[in-house]
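Colleague: I am new to reading structures. Could you take me through one?

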Amino acid sequence: MTALPLIFDAPRRGKPPRHLADLTRDEARSAVAELGQPAFRADQLARHYYRGVTDPEQMTDLPAAARETLTEALLPGLLTVVRHQTADDGRTRKTLWRLHDGALVESVLMRYPERATVCISSQAGCGMACPFCATGQQGLTRNLSAAEIIGQAVAAAAAMADGELDGGPGRLSNVVFMGMGEPLANYPRVRKTLDALLTPAPHGLGLSQRSVTVSTVGLVPAIRRLTEEGRNVTLAVSLHAPDDELRDTLVPINTRWKVGEVIDAADAYARKTGRRYSIEYALIRDVNDQPFRADLLGRLLAGKLAHVNLIPLNPTPGSKWDASPLPAQREFVARLRAAGVPTTVRDTRGQDIDGACGQLAAADSVDLGVPSVAVPTPSVEPPVELGAEADG
């Protein structure tokens, strides 16, 4: 397998059509006024959108003559379902979406007895080049717009409300940025998405900060920015190795910011927010699952406001990587807990539906005329503030 370069700057592609979810409330009201309608129509559109209503005929509080104009201008279809796959007796549904330019992204809606969680994508592909990750091996196609990210959550909320998953109607309770892409490399749009997720209805989904998790492989400047801006969501760090020697290989961003720097940034976030952060650790057979690495991780995190979430690897087709056997998983857990580090093993969902992010996109890309691996781009030095490009 050829190693891909780290890519921090997303390739420039055609912008998606303007969408209500990309605009501030004032911007949306101005846009509506420009269409010759009262500004308050923007609030009506927002109410419909965040309830998952996109059919103009259902927007009966809008004048019939204005419905088509308003929806075409401010609620264009950005996400087209390519296909759904279900698993776990109908309690898990993975969706492959096609964007306006043919790029493919995925989201996964998972229903549990006490909650419903959607895992959403923030980029098409990923530039972080982790060799065991299906998305990382696709390379980075482009950043998603805020509306494209928000739309995945809105669709999941609507699916729950309509009872599309087994168990009847329900409510979306949790959102995790653990789909395709590195969220903090698309910081401005992820920040805007957080606003939409946390803003009460009718101008957002009204989720609690504790129910939203942002994952990162360790973009230290962006973690610090998240800390400084006073976000109080859950931070998850995809560590996958406790030592720099191995992590340089498994998570190439480690060649820029070492394990100690990443943990220091996460600790600062925990001090500022009072929130425990999560360490995501994919257990890979004979690679990072050795007892001595469990001990290293235990010493690294002992006494910190951290929790380890061990993930049995969901291998991609043809990959040399495989999940750790159960005895190795159990010993890893036992050693971490003996060090006083809270540890759980993630419930594996959707293994029979190409559960690893990127697998559906890779499988369908040829048919859709989209390359399964992005054209290699020379590695670039990260800008001072990652993902700091302007919105819009």
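Modeller: Start with strands, which are DSSP runs of E, at least two residues, numbered from the N terminus. Two strands pair if DSSP finds at least two bridges between them. Here β4 and strand β7 (residues 174-177) run parallel, joined by three bridges. In β7, N174 is the bridge partner of T117.

Colleague: What should I know about the model itself?

Modeller: It is a predicted model: local features need pLDDT of at least 70, side-chain atom pairs count only at pLDDT 80 or more, and totals for chains, interfaces and linings use all residues. Residues are numbered from 1 along each chain as its sequence is written, and side-chain values use heavy atoms, with hydrogens and water left out.

Colleague: In which sense do β3 and β4 pair?

Modeller: Antiparallel, over four bridges; β3 covers residues 104-111. A hairpin of four residues links β3 to β4. M110 sits opposite T117 of β4.

Colleague: Are the faces of β4 buried or exposed?

Modeller: Buried means under 20% relative accessible area, exposed over 50%, partly exposed in between (1.4 Å probe, protein chains only). In β4 (residues 116-119), A116 and V118 on one side are buried, as are T117 and C119 on the other.

Colleague: How many residues does the largest nonpolar core have?

Modeller: A nonpolar core is a set of buried Ala, Val, Leu, Ile, Met, Phe, Trp, Tyr and Cys residues joined through side-chain atoms within 4.5 Å. The largest has 104 residues. Helix α4 gives the most to this core, 10 residues. A second, separate core of five residues includes V108, M110, C119 and V176.
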